[in-house]
Amino acid sequence: MLHALVVDDDATFQSALAELVREEGFEVTTAASLAQARTAMAAGAPDVVLLDLNLPDGIGLDLLREHAGTS
């Protein structure tokens, strides 16, 4: 099964987006901060990341830069 990581600090939006992604057949992990997203990524690289740019502990793109070129 494909795996998606949904990262957003707005709990309502995060929940709704995660449900839409599940309906498309993905297993979904959610995170509300960069720290939580880093922990999720350490457990295994998802097939897709849906990422908020402005998070309470940094800029979402930093997560992508950290994992660019890794699998």
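Glu19 is partly exposed, with a relative accessible area of 38%, where partly exposed denotes the range between buried (under 20% relative accessible area) and exposed (over 50%), computed with a 1.4 Å probe on protein chains only. The structure is a predicted model, in which local features require pLDDT of at least 70 and side-chain atom pairs count only at pLDDT 80 or more, whereas totals for chains, interfaces and linings use all residues. Residues are numbered from 1 along each chain as its sequence is written, and side-chain values use heavy atoms, with hydrogens and water left out.

The side chain of Glu19 forms a salt bridge with that of Arg22, at an N to O distance of 4.0 Å; a salt bridge is defined here as a side-chain nitrogen of Lys or Arg within 4 Å of a carboxyl oxygen of Asp or Glu. Arg22 is likewise partly exposed, at 38% relative accessibility. Because Arg22 and Glu19 are three residues apart in helix α1 (residues 11-23), about one helical turn separates them. Helices (H or I, at least four residues) and strands (E, at least two) are DSSP runs numbered from the N terminus.

By the stated criterion, the count of salt bridges comes to three. One of them joins Arg65 and Asp62, whose closest N and O atoms lie 2.9 Å apart. Both residues belong to helix α3, with a spacing of three residues, or about one turn of the helix. Arg65 is exposed, at 57% relative accessibility, while Asp62 is partly exposed, at 28%.

A further salt bridge pairs the side chains of Arg38 and Glu66 (2.6 Å, N to O). This pair links distant parts of the chain, with Arg38 in helix α2 and Glu66 in helix α3 (residues 61-67), 28 residues apart. Arg38 is partly exposed at 32% relative accessibility, and Glu66 is partly exposed at 39%.

The largest nonpolar core comprises nine residues, namely Leu5, Val7, Ala31, Leu34, Ala37, Ala40, Met41, Leu55 and Leu63. Such a core is a set of buried Ala, Val, Leu, Ile, Met, Phe, Trp, Tyr and Cys residues joined through side-chain atoms within 4.5 Å. At least two residues of this core are supplied by each of β1 (3-7) and α2 (34-43), and α2 provides the largest share, four residues. A second, separate core of five residues includes Ala4, Val6, Val21 and Val28.

Within the largest core, Leu34 contacts Leu55, Asp57, Gly58, Ile59, Gly60 and Leu63, residues up to four places away in sequence not being counted; contact means heavy atoms within 4.5 Å.
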